[in-house]
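Visitor: I would like to learn how to read a model like this one, feature by feature. Where do we start?

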Amino acid sequence: MNNIHLKETLTIEFKSDLKRLSDSDIVEAVVAFANTDGGDFYLGVEDNGDITGLHSSHKNTDTLAAFIANKTIPPVSIRIEKLDFNHVQVLKISVPRHKNIVATSSGKLVRRRIKMDGTPENVPMYPYEFASRLSDLSLLDYSAQPVPDSSYEDLDPLERERLRNIIRTYHGESMLLQLTDEELDKALRFITVIDGKTHPTLTGLLIIGKKERLQTLVPTAEVAIQVMDGTTLRVNESFTLPLLAAIEKITDYFNAWNTEEEMEVGMFRISIPHYDKRAFREALVNAFCHRDYSMLGRVRVLIDNEGLTIANPGGFIDGIDYRNLIDVEPHGRNPVLADCLKRIGLAERSGRGIDRIYEGTLRYGRGLPDYSQSTTVMVKLFMPNVMPDKSFIAMLTEEQKINSNNLSIYALMILNCLRQQHRVQLKELSEILHLDNNKIKVALETLVEEGVVEAVGNGNNRSYILSAKIYRTTGKLSAYVRQTDIDEIRYTELVLKLLKEQKAISRKDVADLLHISLPAAYRILQKLRKKDIIEMVSKGRGAKYIMKNRAGNKAGNNV
């Protein structure tokens with residue numbers, strides 16, 4: 001029996017059609033995909049991947065797409081492909097992720113999820129999940145909504161004064177300090193008016209709400225801080241506080257465990273923190289700013305021997321995943337809350353706080369922050385606990401001093417990759433860093449012009465290494481020599497291997513083999529001649545080269 005060589009996942013589902021799958025089951029499967037991440041629905045395949053084929057009533061697909069569009073609200077446009085496996089037919093129904101909540105025409109709402117055993121299933125979608133779904137799609141700003149059963153008296157004057165102090169400390173918008181309390185609340189959209197009555201928004205309660213009212217009205221505002229020393233739990237505290245107070249409390253715990261050391265670079269002394277303070281603050285603010293407040297759960301900060309973890313309920317919103325964080329246009333789940341945090345100075349005003357998080361780890365040679373453990377219902381950031389690379393720090397310090405400007409985030413990522421991999425090609429850089437080739441090229445060209453990076457080889461074999469200047473700065477010049485000698489050794493081996501197979505080769509043969517220019521190929525051949533390894537048996541543009549016979553006779557003369 002044929003097998004489709006795939007397995008069911010969140011975006012792949014198999015349905016048997018031996019007994020004719022009902023129309024309602026097909027429509028529900030499409031709706032579930034549309035309400036999750038989209039995907040491919042294979043009709044005529046068993047759960048284990050065995051291909052059993054279509055029921056005779058489903059072999060005519062001309063009207064199926066129109067039928068599904070008529071049975072879904074709003075209509076879902078699908079793509080149908082008929083697959084043939086040794087004369088056994090299967091339908092592949094591709095469903096896009098829909099930009100709204102989709103229901104069957106009979107009013108049924110379903111979505112997909114992964115069960116505890118790792119297999120997918122379709123489950124009902126309940127009304128309380130609508131806000132989360134619309135928030136994921138950037139169709140609802142939950143932070144701008146009034147909080148039911150709340151009143152203007154639920155806002156705390158003491159927290160409002162904390163807010164003003166933060167604006168002063170972090171150099172927020174100074175004009176906010178000139179406003180009255182009511183004007184400040186309106187400017188930051190802490191309140192909204194409904195039927196002539198003032199109500200706090202979710203943002204208002206989160207920022208300056210009274211602690212006891214916040215616990216009652218917004219139970220999803222809980223925070224947890226844990227510190228582990230091996231298997232010993234040093235700190236384990238959960239609390240519900242207004243956001244600014246919560247950030248201050250967690251930061252106090254963080255500072256107590258975030259040790260620093262110093263190093264000298266020339267006449268300068270540089271402090272090297274265990275974790276960059278600005279990167280931590282931005283990551284923590286992001287967790288509060290982008291979490292899904294319609295979901296139960298809590299923002300969790302964990303410090304242990306492996307590293308620092310910051311996690312928050314709610315996955316990445318539509319169009320964002322851990323691979324495109326650096327390149328994607330900044331937009332968040334809670335725009336009003338995000339705007340408030342930017343204006344008071346706590347969050348990066350450009351909306352590119354992720355750059356600060358990356359910079360805070362890269363500038364100390366500690367590698368990239370890791371978001372890969374994030375799921376559809378949680379974003380998790382992990383900063384590994386690794387020793388700083390002091391030679392790399394010294395190199396960055398010297399380079400920034402010479403060029404009088406900070407390196408771009410792309411340049412830092414490239415240099416960090418070269419520090420670890422020593423030698424990489426453009427394609428490898430793109431795969432490792434999840435960046436667009438064009439952006440990498442621009443950053444590489446700038447680094448080459450500044451003498452920080454060198455290009456080695458030509459064409460498809462072109463690679464990049466840290467320059468001799470950088471290896472000299474870090475005291476590892478021998479490593480540079482090893483890197484630059486790799487091509488010569490590898491090229492020589494490949495040319496001699498071709499010569500053994502082909503008996504005689506030309507300059508063009510070498511250029512085609514190594515993907516280099518004709519002059520570069522000529523130089524390689526001349527080096528081999530000088531070493532008395534090969535000899536030239538004809539002249540001109542089509543000159544041929546053969547292996548030199550150690551006995552003094554030419555081998556392969558009949559070319």
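**Reading the chain, from outline to detail**

Guide: Start with how the chain connects to itself. Take contacts between residues at least 6 apart in sequence: in the protein chain, 62% of them join residues at least 24 apart. One caution before we go on: this is a predicted model.

Visitor: How many helices and strands does the protein chain have?

Guide: There are 19 helices and 23 strands.

Visitor: What does the radius of gyration say about the protein chain?

Guide: Compare the value with that of a compact globule. For 559 residues, such a globule would come near 24 Å, but this chain has 31 Å. Along the principal axes, the C-alpha atoms fill roughly 105 × 80 × 45 Å.

Visitor: What share of the residues counts as buried?

Guide: Of the 559 residues, 48% do. The accessible surface is about 27,800 Å², and carbon and sulfur atoms hold 50% of that.

Visitor: How far apart are the mean positions of the positive and negative charges?

Guide: They lie 7 Å apart, for 75 positive and 74 negative charges.

Visitor: Next, cysteines. How many disulfides are there?

Guide: Look for pairs of sulfur atoms within 2.5 Å. The count here is zero. Take C289: the nearest cysteine sulfur is that of C340, 9.3 Å away.

Visitor: Are C289 and C340 buried or exposed?

Guide: C289 is buried, at 4% relative accessible area. C340 is buried as well, at 0%.

Visitor: How do I read the burial of a helix?

Guide: An α-helix has 3.6 residues a turn, so residues three or four places apart point the same way. Now take helix 10, residues 335-343. Its buried residues are V336, L337, A338, C340, L341 and R343.

Visitor: What covers the buried residues of helix 10?

Guide: The cover includes helix 5 (181-187) and helix 6 (202-208). It also includes helix 8 (243-257) and helix 9 (277-290). Check the end of the helix too. Just after helix 10, G345 takes a positive phi of about 100°.

Visitor: Now single residues. Where is D136?

Guide: D136 is in helix 3, residues 130-136. The cut-off for buried is under 20% relative accessible area. D136 has 13%, so it counts as buried.

Visitor: Which residues does D136 contact, leaving aside neighbours within four places in sequence?

Guide: R97, G315, I317, D318 and R333.

Visitor: Where is S463, and what does S463 touch?

Guide: S463 is in strand 20, residues 463-466. It is buried, at 4% relative accessible area. Leave out neighbours within four places in sequence, and S463 contacts R423, V424, Q425, E454, A455 and V456.

Visitor: How far is D136 from Q425 in sequence and in space?

Guide: The two are 289 residues apart in sequence. In space they are 36 Å apart, C-alpha to C-alpha. For another pair, take K527 and T492. They are 35 residues apart in sequence, and their C-alpha atoms are 9.3 Å apart.

Visitor: Where does K527 sit?

Guide: In helix 19, residues 518-530. K527 is partly exposed, at 46% relative accessibility.

Visitor: Which residues does a cis peptide bond join?

Guide: I73 and P74, with omega about -10°. P74 is in the loop between strand 3 (72-73) and strand 4 (79-85).

Visitor: What is the phi of H171?

Guide: It is near 55°, a positive value in a residue other than glycine. H171 is in the loop between helix 4 (157-169) and helix 5. At 61% relative accessibility, H171 is exposed.

Visitor: And what phi does D532 have?

Guide: A positive one, about 65°, although D532 is not a glycine. D532 is in the loop between helix 19 and strand 22 (534-536). It counts as partly exposed, at 34% relative accessibility.

Notes:
Residues numbered from 1 in each chain as written. Predicted model: local features only at pLDDT ≥ 70, side-chain atom pairs only at ≥ 80, totals over all residues. Heavy atoms only, no water. Helix = DSSP H or I, 4+ residues; strand = E, 2+ residues; numbered from the N terminus. Rg over C-alpha atoms; globule rule 2.2 N^0.38 Å. Buried < 20%, exposed > 50% of the residue type's maximum accessible area, 1.4 Å probe, protein only. Contact = heavy atoms within 4.5 Å. Areas by Shrake-Rupley, 256 points an atom, 1.4 Å probe, with all protein chains shown as cover. Lys, Arg positive; Asp, Glu negative; His and termini not counted. Charge placed at Lys NZ, Arg CZ, Asp CG, Glu CD.
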